[in-house]
Every structure is written in structure tokens, then in C-alpha cells.
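Open the model in your viewer and keep the sequence panel beside it. Select each stop as you reach it, then look at what surrounds it.

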Amino acid sequence: MIVVTGATGQLGRLVVEGLKEKAGADRVVAAVRAPEKAADLGVEVREAHYDRPETLKAAFAGAEVVLLISGTDHGNRVRQHSAVIDAAKEAGARVVYTSAPYADTTTAKLVGEHRATETYLRASGVPFTILRNSWYHENYQASIAHAPQAGAIFGAAGEGRVASAARADYAAAAVAVLTGEGHTGETYELSGDTAWSLTELAAAISAASGTAVTYTDLPEAEFAKVLAANGLPEAVAGLLADVDTHIAQGWLERTPGTLAALIGRPTQPIGDYMKTVI
């Protein structure tokens, strides 16, 4: 039995669909906070609330492997993730965790809770696989969609490069690891096949839309203000602006090819994704 936490989220839904095809719906359990939102998934649904550990024990009963999709409750994720790991340990299940790129070495603020979760997981004695997902194409969806009207995309990444990949590619990698052999104890750095800069993205948007778009590079603090002015909470805006500073320093530029190897095909280029947004 394969249990997928966060199964109603964007990544979780893709993983469930992939597992249904590869392993069969009868082997998949969707573990979610709100079961009524998972009725369309076509698999068994169990309540699993990260803040209510008693639900996790019941949700993981009989599990051979649990996909722990990292939560979004910044500031509380280590506690929540630890509860999932503890419940998986009690069930005797392997844990596959979606972490962040180079979590053991980067100083990016966004990664601290991932690094702490990895540390807890390694110390728990639970068999594990860590998927360090790099940036998603979808992280740039709003910027790409609005760029032709604004005539610009904004950031603080300088000429740093981003080896992003589509969410569907990361989901396919998770499916491969959840259903395959030989992954226990492995930590995979996952990224797209090609790295690109925001300047190059702006040029590609210009070519695709027929409208001139430029990349405007800002100091980190100014970019955080732009993000906050567009509706993000200040704390989240600060984290994302810090990400751009680390992109400028080369954090997300590496292309080890591990993602393509796991999914058995090249990753989707950012240009192909961009055409679905504009």
C-alpha cells in the first residue's frame, strides 16, 4: 500500500494519478486533511491532519511506503513533518520526503525547515528516500502571464540561472521512487535538464508574445516590497526575495540529470511550459 499525504494538492493529485496507472488504484491511499475534497481522486481516502497525530496513525495503517509531501505552514513544518515520520515508523513504512535543493548546504531561508526535517528523518531509523525538488516552472506562472502587459518581469536574481522543471516531471519522479526498487537511503537532487536566466526568460516571452518584455533586476529588499505589493504576506515575500539572492549566487543552476534519469525521458523545457501560459 502506498499512502500519499497532501493528495489534494497540485503535486499530490499528479502523483495519485501516476500511481493509479503504474500500481493500480487499489494500492493507493490518499491521506488528506479534508476527505470531502478528495472524492474525485478515485482511490481510498483517509483523514490525515498534520496537527492531529492520532489521525496519522489510522491513515498509515497497513502502509508499505508513505509519500510525505512537505507542508505549507511555514514555521510549523518541522513539528508537523516529524509527526508524520513518527506515524510512518509505527506503521513500519518507508518514507519518501519532498525536500528542497541542496538542503544540507544552502543558506537560503526557505530551506531551514526542510533541512531540519531531513535531519529528523535520518535520525528516526525509518527507511527513507529524499527527493530534493528544485524550482518548478509553475513558480513563474504569474510572472509569465502578466509580463506581456507589464512589459517586464521583476526579480533579484541577477544573471543567476534556474534549472526548473514542470510539476508533472517531479510527480513522475515520485511515482518512480514509490513504485521502484533500490531507492532506500538515497537523496536525489532533482532539477530540469537546462538552466536559464530571467533575462533569457524575458526574451523568450517577447518572442512568443510579440511584445517587448525586459527583465528588471532589483535589490533584494526592493523585490520583497514588489512581491508584498502584489498580495504576498511580507514574511513569504521576504523568503522568496532571499531565494532570488541565492539564485544569483548559483544555488539553482546545476543540472545533474537525475530527474530525467528517474522519469526515463527529458524534462519539459521552460519554453514549452511558457507557451501554455501566454
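## Stop 1: helix H5

Select helix H5, residues 141-150: Ile-144, Ala-147 and Pro-148 are buried there. Their arc around the axis is only 85°, so they sit on the same side of H5. The arc is taken from the directions that run from the helix axis to the C-beta atoms. Buried means under 20% relative accessible area, exposed means over 50%, and partly exposed lies in between (1.4 Å probe, protein chains only). Helices (H or I, at least four residues) and strands (E, at least two) are DSSP runs, numbered from the N terminus.

A word on the model before moving on. It is predicted: local features need pLDDT of at least 70, side-chain atom pairs count only at pLDDT 80 or more, and totals for chains, interfaces and linings use all residues. Residues are numbered from 1 along each chain as its sequence is written, and side-chain values use heavy atoms, with hydrogens and water left out.

His-146, Gln-149 and Ala-150 are exposed on the face turned away from the buried side. Go back to the buried residues and show what they pack against: strand E7 (152-155), helix H7 (198-209) and helix H11 (270-277). Contact here means heavy atoms within 4.5 Å. Next, click Gly-151, which follows H5 and has a positive phi near 75°.

## Stop 2: helix H8

Select residues 220-229 for helix H8, where the buried residues are Phe-223, Ala-224 and Leu-227. Look down the axis: these buried residues fall within an arc of 105°, so they line one face of H8. An α-helix has 3.6 residues a turn, so residues three or four places apart point the same way.

Which exposed residues does the face of H8 turned away from its buried side carry? They are Ala-221, Lys-225 and Ala-229. The cover over the buried residues of H8 includes E7 and helix H9 (234-248). Just after H8, pick Gly-231, with a positive phi of about 105°.

## Stop 3: helix H1

Select residues 10-22. Helix H1 has 13 residues and reaches 19 Å from first C-alpha to last, close to the 18 Å expected at 1.5 Å a residue. The expected span is 1.5 Å times one less than the number of residues.

Colour Leu-11, Gly-12, Val-15, Val-16 and Leu-19, the buried residues of H1. Down the axis of H1 they fall within an arc of 130°, so they line one face of the helix. Gln-10 and Glu-21 are exposed on the face turned away from that buried side.

Show the partners of the buried residues of H1. They pack against strands E1 (2-5), E2 (28-32), E4 (65-68), E5 (94-99) and E6 (128-133), and against helix H6 (167-179).

## Stop 4

Select Tyr-102, in the loop between E5 and H4. Is Tyr-102 buried or exposed? It counts as buried, because its relative accessible area is 15%. Its phi is near 50°, a positive value in a residue other than glycine.

Tyr-102 also lines the largest cavity, together with residues including Arg-132, Glu-189, Trp-251 and Arg-254. The structure holds 1 cavity of 30 Å³ or more. The volume of the largest cavity is about 50 Å³. On a 1 Å grid over the protein atoms alone, a cavity is a set of points where a 1.4 Å probe fits but cannot get out; a pocket is an open set with protein on both sides within 12 Å along at least five of seven lines; lining residues have an atom within 4 Å of a point.

## Stop 5: the second largest pocket

Select Ile-2, Arg-27, Glu-64 and His-183, which are among the residues lining the second largest pocket. Its volume is about 190 Å³.

## Stop 6: two single residues

Pick Ser-124, in helix H4 (residues 112-124). Ser-124 counts as buried because its relative accessibility is 11%. Beyond its neighbours within four places in sequence, Ser-124 is in contact with Ile-85 and Lys-89.

Finish at Thr-194, in the loop between strand E9 (187-190) and strand E10 (196-197). At 57% relative accessibility, Thr-194 counts as exposed. Leaving out residues up to four places away in sequence, Thr-194 touches Val-162, Ala-163, Ser-164 and Thr-255.

Definitions and conventions
Grid points are joined across faces, edges and corners, and a volume is the space filled by probe spheres set on the points.
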